[in-house]
Amino acid sequence: MKLGFPNLGLDEQNPDYKELERMEQEEVAERPKWDNKFQYLLTCIGFAVGLGNVWRFPYLCQIYGGGAFLIPYLIALVFEGLPLLYLELAIGQRLRMGSIGVWNSISPLLGGVGISSMLVSFLVGMFYNTILAWVLWYFFHSFQNPLPWSTCPVNENQTGYNRECEKSTPVNYFWYRETLNITPDIEASGCLQWWMVVCLATAWSVVFICFIRGIASMGKAVYVTATFPYLVLTIFLVQALTLPGATDGLTYLFTPDWEILKNPQVWLDAATQIFFSLSVAFGGLIAFSSYNAERNDCERDAILVGVINSATSLYASIPIFSILGFKATNGFNACRQENILTLTNHFEFSDQNITLENYDHWFQFLNHRNPDVVSNLSLRDCVLKTFLDQSASGTGLAFIVFTEAVLEMPGSQIWAILFFVMLFSLGLSSMFGNIEGILTPISDLKLIPKWIPNELVTGIICSICFLLALIFAQGSGNYWVEVFNSYVGSVPLLIIAFFEIIGVIYVHGMKNFSEDIYFMTGRRPNIFWKACWMVISPLMLLVVLVAYVVVQAQTYPTYHTWNPDYDQFPKTEVKSYPDWVFAIIVLLCVVPVVSIPLVALYKLIRSRTTSSTQVELNPYWNEGFEVEVRSVLTSS
């Protein structure tokens, strides 16, 4: 099936067939190539496997019924994630262009899709590298003994500990005050934190160095950045499984709660998680596959990358929740130790009479004989599940929960260093895809003169991103990171992906796309892929998009603030976004995708001003070649 979108006219005379063939050969000869297939796969896997695999997927499993969450997750992977991944890898490999070039080649009306992908990659790259700056800050401090988030600092008068730290915890204080120096709300910007500016500059410098020679240097870097996290996860896995309470954490994580599958929010979060986890619609995967040889099995690549990405999420969940189980067990035992001390002092028992092993027996005995006395002792309610329920995701998991757990592990410095190096490697691999999603379209559009070296272009892009990202180095920076993270990478990506699949299947045509795949792989797509591309995947994307917008529109957006003057401190205070911030949120959702209708409208208006006899040559359409050949023969 194919929609009859017209080719829109060009202002200049089209070149003849031989000239086009010569230009295409020159482009193929000039385009960089991967050193080997393994390098390409590592880059795609590194882009897909990011921080969300470590700190988002386990959290969703925990709050949505453990193993039961895997059912909607795997369904979304098979019918939404893999088809979109396959489509992007195939179309990039066939056309050998970045996102803008690909969609312009399919139809000029779709040129705005590529621009949208580039804008999203630019905006996401800005805040994503800020997280790497935070990781660097923690990494540099992980060499201290003891770790700086293990104790509270003394106050200014040197007469005791800092009051804000005492009211919360040393871990919270180090994150919110020492790292972020956070303001009470988003309206109070605060000044630039010089240590964050240095870390941010360092993070962007690392990205620039890795990208200084394009895929030639980046391809070497991924050998480390894409493989090192698996080594660290394996080391953590071996250590974590030996910790007390590890089995409690794993049991809690994977015990299925089938009733929760009746909640539509579970299915929505599963669909969005697999979609964002695979990093489709950013344009990075299209750019990476464009450096492949035309005859390459992109179907196998898509399945391999998609399966490894999801398997990594599962694999990361095991050490993460083994360690969180260990942390919960320590908290549970500390709670009971307080009760033991209270009971021992009140009933004047000898020390070691009541222990953790016989605490339950003693409590039942004393409560049975002296119920009124025991009830008046204000004993804490110690339930292991309560401590396991203290879930966290994102920065809360990485910089608060996990750093607190590391303190209780033997050799805490080593584990902290390994953990933050792993996070930096995961984030850096994902940054490669974001930057490639910006640089490749710029290169393909030939916006930069050839005499300007690529190294300078990369440096300019990284410098611009660094300067704009200084907003995240202010006291309110964490609040802005949350805004960008919640809204830039949500609705815009869903809209882009929907237009991508419509453009390939219904504009370019399923038949033509099948022939392209046959040319590249030697076989045509089977009925499963066709069914997903034509019906299932676009329908799922549309449902997820509508449901996501409806869910977000039901409540006014809020955020959590760290305010020492809050009467319930150290609990975070929930506030509504100011109107001007809400306006920015709307812009962040709309601006990246507004180019899609604007470019289509511009092309349609422009086509009316051109002669009806002019035909735009689309080198990707056979009909375009036939029209040009006929016009050349007629003129001769």
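Select helices H6 (residues 99-106) and H7 (residues 111-141): H6 passes H7 in a right-handed crossing (the near helix is turned clockwise from the far one by less than a right angle). Helices here are DSSP runs of H or I with at least four residues, numbered from the N terminus. This is a predicted model, in which local features need pLDDT of at least 70, side-chain atom pairs count only at pLDDT 80 or more, and totals for chains, interfaces and linings use all residues. Residues are numbered from 1 along each chain as its sequence is written, and side-chain values use heavy atoms, leaving out hydrogens and water.

The axes of H6 and H7 come within 7 Å and cross at roughly 165 degrees (lines fitted to C-alpha atoms over the stretch in contact, with angles from 0 to 180 degrees between N-to-C directions). The two helices are therefore roughly antiparallel, a term for angles over 145 degrees.

Next, select arginine 94 and aspartate 516, whose side chains meet in a salt bridge at 3.4 Å, N to O (a side-chain nitrogen of Lys or Arg within 4 Å of a carboxyl oxygen of Asp or Glu). Arginine 94 lies in helix H5 (residues 70-95) and aspartate 516 in helix H24 (residues 491-521), so the pair ties together parts 422 residues apart in sequence. Aspartate 516 is buried at 7% relative accessible area, whereas arginine 94 is partly exposed at 22% (buried is under 20%, exposed over 50%, partly exposed in between, with a 1.4 Å probe and protein chains only).

How values were computed
Angles under 35 degrees count as roughly parallel, over 145 as roughly antiparallel, 65 to 115 as roughly perpendicular and the rest as oblique.
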